[in-house]
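These entries record what I looked up, one topic at a time.

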Amino acid sequence: IDNRKIALKELITERWRSYLPGVGVSYSRTRSINSGSTDTLSHELRLTIEQVIFDGGRRALDLDIAKIDALLAQDDFRVTYNKLRLDIQKAYLRVLSARGKIELNEKSRVRAKIQLDHARLEEKTGFSMRVQVLTVAARLREIDLAVERSQNEYRQSVHNLKLLLNLDHAS
């Protein structure tokens with residue numbers, strides 16, 4: 001982006017220079033040796049100055065286009081910068097969300113283990129059936145799977161955040 005800004009500044013300077021007169025200097029030396037006639041030797045120095053009086057507004061239009069390109073480059077930088085900030089904020093919020101899911105699933109796992117212990121105790125005392133214990137055990141395994149999924153989601157979201165921030169992925 002900085003290189004583009006520099007290039008646009010140089011373009012504006014170049015367009016502005018087109019308003020200045022053009023100056024040219026040339027030097028030529030001619031030597032002619034003729035047999036039987038006189039030899040000639042000439043030196044010629046030319047100075048040419050060119051100033052455009054009217055070009056139909058083309059130079060002013062070129063200068064205006066260069067200035068507009070510079071403004072667009074600044075706005076393009078702002079848009080890109082804000083988009084990157086938004087992407088980083090979204091990635092950070094995904095990390096926080098995934099961390100919250102892990103904590104909620106861990107709490108659910110603890111409650112499900114307690115519930116399984118109570119269901120086994122009730123089965124031993126005869127207040128519940130084996131099917132109810134198996135149902136609670138199946139629910140505990142579902143919660144264990146949810147914990148694994150949320151941990152994978154957390155690792156993936158941290159990895160994506162590190163990619164956006166250009167950090168070392170191994171850390």
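**Entry 1. Aromatic rings**

I noted at the outset that this is a predicted model. I then searched for aromatic pairs, and the count came to one. The pair is formed by Phe77 and Tyr81, and it is stacked. I recorded 6.3 Å from centre to centre and 15° between the planes. The term "stacked" applies because planes under 30 degrees apart are counted that way.

Where do Phe77 and Tyr81 lie? I found both in helix α2, which covers residues 58-125. Because they are four residues apart in that helix, about one helical turn separates them. I also looked up the accessibility of each residue. Phe77 is partly exposed at 34% relative accessibility, and Tyr81 is partly exposed at 45%.

**Entry 2. A charge over a ring**

I next asked which residue lies over the face of Tyr154. It is Arg99, at 5.8 Å from the ring centre.

**Entry 3. Salt bridges**

How many salt bridges does a search of the whole structure find? The search gives nine. I wrote down several of them in turn.

Arg78 and Asp75 meet through their side chains in a salt bridge, with 2.8 Å from N to O. They are three residues apart in helix α2, so about one helical turn lies between them. I listed Arg78 as partly exposed, at 46% relative accessibility. Asp75 is likewise listed as partly exposed, with a relative accessible area of 38%.

Glu153 and Lys101 form another salt bridge, in which the closest N and O atoms are 3.1 Å apart. Glu153 belongs to helix α3 and Lys101 to helix α2, so this pair ties together parts that are 52 residues apart in sequence. Glu153 is partly exposed at 35% relative accessibility. For Lys101 I noted a relative accessible area of 35%, which also counts as partly exposed.

I then found a salt bridge between the side chains of Glu123 and Arg130, at 3.5 Å from N to O. Glu123 is partly exposed at 26% relative accessibility, and Arg130 is partly exposed at 48%.

Finally, I looked for residues joined in a network of salt bridges. Glu106, Arg109 and Asp144 are linked in this way.

**Entry 4. Ser128**

Is Ser128 buried or exposed? I found it buried, with a relative accessible area of 11%. The label follows because buried means under 20% relative accessible area. Ser128 sits in the loop between α2 and α3, the latter being residues 130-165.

I then examined the surroundings of this residue. Leaving aside residues up to four places away in sequence, Ser128 touches Ala119, Glu122 and Glu123. With Glu123 there is also a polar contact, in which the side chain of Ser128 reaches the backbone nitrogen of Glu123 at 3.3 Å.

**Entry 5. His159**

My last entry concerns His159, which lies in helix α3. This residue is partly exposed, at 32% relative accessibility. I also looked up how far His159 is from Asn82. Along the chain they are 77 residues apart, and 21 Å separates their C-alpha atoms.

Technical notes:
Residues numbered from 1 in each chain as written. Predicted model: local features only at pLDDT ≥ 70, side-chain atom pairs only at ≥ 80, totals over all residues. Heavy atoms only, no water. Phe/Tyr/Trp six-rings, centres within 6.5 Å; stacked < 30°, edge-to-face > 60°. Helix = DSSP H or I, 4+ residues; strand = E, 2+ residues; numbered from the N terminus. Buried < 20%, exposed > 50% of the residue type's maximum accessible area, 1.4 Å probe, protein only. Lys NZ or Arg CZ within 6 Å of the ring centre and 35° of its normal. Polar contact = N/O pair within 3.5 Å; in protein donor to acceptor, adjacent residues only side chain to side chain. Contact = heavy atoms within 4.5 Å. Salt bridge = Lys/Arg side-chain N within 4 Å of Asp/Glu carboxyl O.
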